[in-house]
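This briefing sets out the architecture and packing of a single protein chain. Please consult the sequence and the structure shown below alongside the points that follow.

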Amino acid sequence: MKRLPDVALAIMLIALVPMTHAADLLVTNVNGYTLDSAGKLTRFRALLVDHGKVVATGPAAALRKRAGDARIEDGHGRTLLPGLTDAMDM
């Protein structure tokens, strides 16, 4: 019965390893603005989205490395303000 603890330990260790998943969408060629964690306005040229959430902003070349097989959209130099939404009661 010594093998059972070894197998249980292996299963627990595998469960702790984060699953790697490429993003769903990479938007490049944008004039983007967002706030960093200190509330400072920052600019970016590309945005990476996974499951509907922005996971990274920055230079397109750096984000392409993380994008995997994500769909790539060209923003055609338009302004992008992630997280800016209008709230209305209807």
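**Nonpolar cores**

Eight residues, A23, L26, A46, L48, A56, L63, A67 and A70, form the largest nonpolar core, a nonpolar core being a set of buried Ala, Val, Leu, Ile, Met, Phe, Trp, Tyr and Cys residues joined through side-chain atoms within 4.5 Å. Strand β4 (46–50) and helix α2 (60–67) each supply at least two residues of this core. The model is predicted: local features need pLDDT of at least 70, side-chain atom pairs count only at pLDDT 80 or more, and totals for chains, interfaces and linings use all residues. Residues are numbered from 1 along each chain as its sequence is written, and side-chain values use heavy atoms, with hydrogens and water left out.

- Another core, lying apart from the largest one, has six residues, among them V27, F44, L47 and V49.
- With residues up to four places away in sequence not counted, L26 touches A46, L47, L48, L63, R64, A67, A70, R71, I72 and E73; contact means heavy atoms within 4.5 Å.

**Chain-level description**

- The chain contains two helices and seven strands, where helices (H or I, at least four residues) and strands (E, at least two) are DSSP runs numbered from the N terminus.
- Along the sequence, these elements follow the pattern α-β-β-β-β-β-α-β-β.
- Of the 90 residues in the chain, 22% are buried; buried means under 20% relative accessible area, exposed over 50%, and partly exposed in between (1.4 Å probe, protein chains only).
- Carbon and sulfur atoms account for 61% of the accessible surface of the chain, which comes to about 7200 Å², with areas from the Shrake-Rupley method and a 1.4 Å probe, and for residues only the protein chains shown count as cover.
- Among contacts between residues at least 6 apart in sequence, 52% join residues at least 24 apart.

**The three-stranded sheet**

- An open sheet of three strands has the order β3-β2-β7, with mixed pairing; two strands pair if DSSP finds at least two bridges between them.
- Its edge strands are β3 and β7 (79–80), each of which pairs on one side only.
- Strands β2 (residues 31–35) and β3 (residues 41–44) run antiparallel and are joined by four bridges.
- G32 has F44 in β3 as its bridge partner, and L35 has L41 in β3.
- The hairpin of β2 and β3 has five residues between the strands, and G39 takes a positive phi near 85° there.
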